[in-house]
Amino acid sequence: MRASRLISLVLLLQSRETMTAAELARELEVSERTVYRDVLALSAAGVPVYADRGRAGGYRLLGGYRTRLTGLTRDEAEALFLAGLPGPAGDLGLADAVASAELKVLAALPPALRDAPARVGQRFHLDVPGWFRDATPPPWLAELARAVWRDRVVELRYRRGEREVVRRLEPYGLVLKSGVWYLVARVGDATRTYRVDRVVGVLTAEEAFARDEGFDLGGHWQDQAEAFLRSMQRAEVGVRLSPAGLRALRRAPEAPFGYAEATRAAGEPDGQGWVVTRLPVESVEVAYELLMRLGPEVEVLDPPELRERVADAAARLAALYGGPGSGSPLKTDP
């Protein structure tokens, strides 16, 4: 445990140059006293850790000191090559950079770990795009990625419905969600999201923008995604679900958010395991299409118009299959 922490301490100083004992303690989740002991241990082992005194002081490594990759475990080495599997990096125009980095990492690994790329390639393949979706990256993705890396202002031509709009914006980041790339950008004081496959032109300016270093792309995306899902749920229906119906609802592509809400709102199961709950939906029309796929594993309680519509569909199905009240029972071959 301590050896791993010492390596982490050195890597932190390599990446951030100077850090105080308090900052190191927060990153390593230990006390400052433990940091002082670890620094003494590193110095005794020959690692050139130097302490700068004063208000702007802290610990740093002397003389451009760099560790070698001899401390990697097999799991860590294989995880590095898993991160470099073909896919999103290639879409962003970074395939050559990833390949070069993999060669350098491979050269630095001890002989016992040099089979890591082959082991990963035999065991994992990441197929990122969704089914029935074109795997070809959007034509302007690589250009936008370069602007994101360089913090360059861009002029974006964007297809919105039947017309094109032009926006001058600051590209903060790119997000890949279910095989679709999105650009998160600042336009004035607002943060907007654009689908990259709807971009029809990009003009990158020489002008650089000052990035807000406090902006958290992952946190922003999570907040926006949840707000988007909530905005879609404009209606609510009362349902009674069997255990099989609840499982089927979880698998429905339209209902990941609705399933979570319905699970939280569900009452206690009855003797057969059925539960009564409220299901948020986009509209009654969408609810009808979703609940019909659950068949006899769901009973609609309200609104009345949805219950009547499902009951009518059930009656027509019974008639088709020779159920009670059918004038023509289902014929089978003798």
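The model is predicted: local features need pLDDT of at least 70, side-chain atom pairs count only at pLDDT 80 or more, and totals for chains, interfaces and linings use all residues. Residues are numbered from 1 along each chain as its sequence is written, and side-chain values use heavy atoms, without hydrogens and water.

**Sheet**
- Five strands form an open, antiparallel sheet in the order β6-β5-β4-β3-β7; strands are DSSP E runs of at least two residues, helices H or I runs of at least four, numbered from the N terminus.
- The edge strands β6 (190-195) and β7 (199-208) each pair on one side only; pairing takes at least two DSSP bridges.
- From one strand to the next, the twist averages 45°.
- Seven antiparallel bridges link β3 (residues 152-160) and β4 (residues 163-177).
- Arg159 stands opposite Glu164 in β4.
- Helix α8 packs on the sheet and touches β3, β4, β5 (180-187) and β7, its direction making about 75° with that of β4.
- Contact means heavy atoms within 4.5 Å; axes are lines fitted to C-alpha atoms, for helices over the stretch in contact, and angles run from 0 to 180 degrees between N-to-C directions.

**Nonpolar cores**
- A core joins buried Ala, Val, Leu, Ile, Met, Phe, Trp, Tyr and Cys residues through side-chain atoms within 4.5 Å.
- The largest has 20 residues; among those touching the most other members are Val237, Leu249 and Leu306.
- Helix α12 gives the most to this core, four residues.
- Another core, of 19 residues, lies apart and includes Leu92 and Trp181.

**Pro137**
- Pro137 sits in the loop between α7 (116-123) and α8 (141-150).
- Pro137 is partly exposed, at 32% relative accessible area; buried is under 20%, exposed over 50%, partly exposed in between (1.4 Å probe, protein chains only).
- Pro137 and Asp91 are 46 residues apart in sequence, yet 5.7 Å apart C-alpha to C-alpha.
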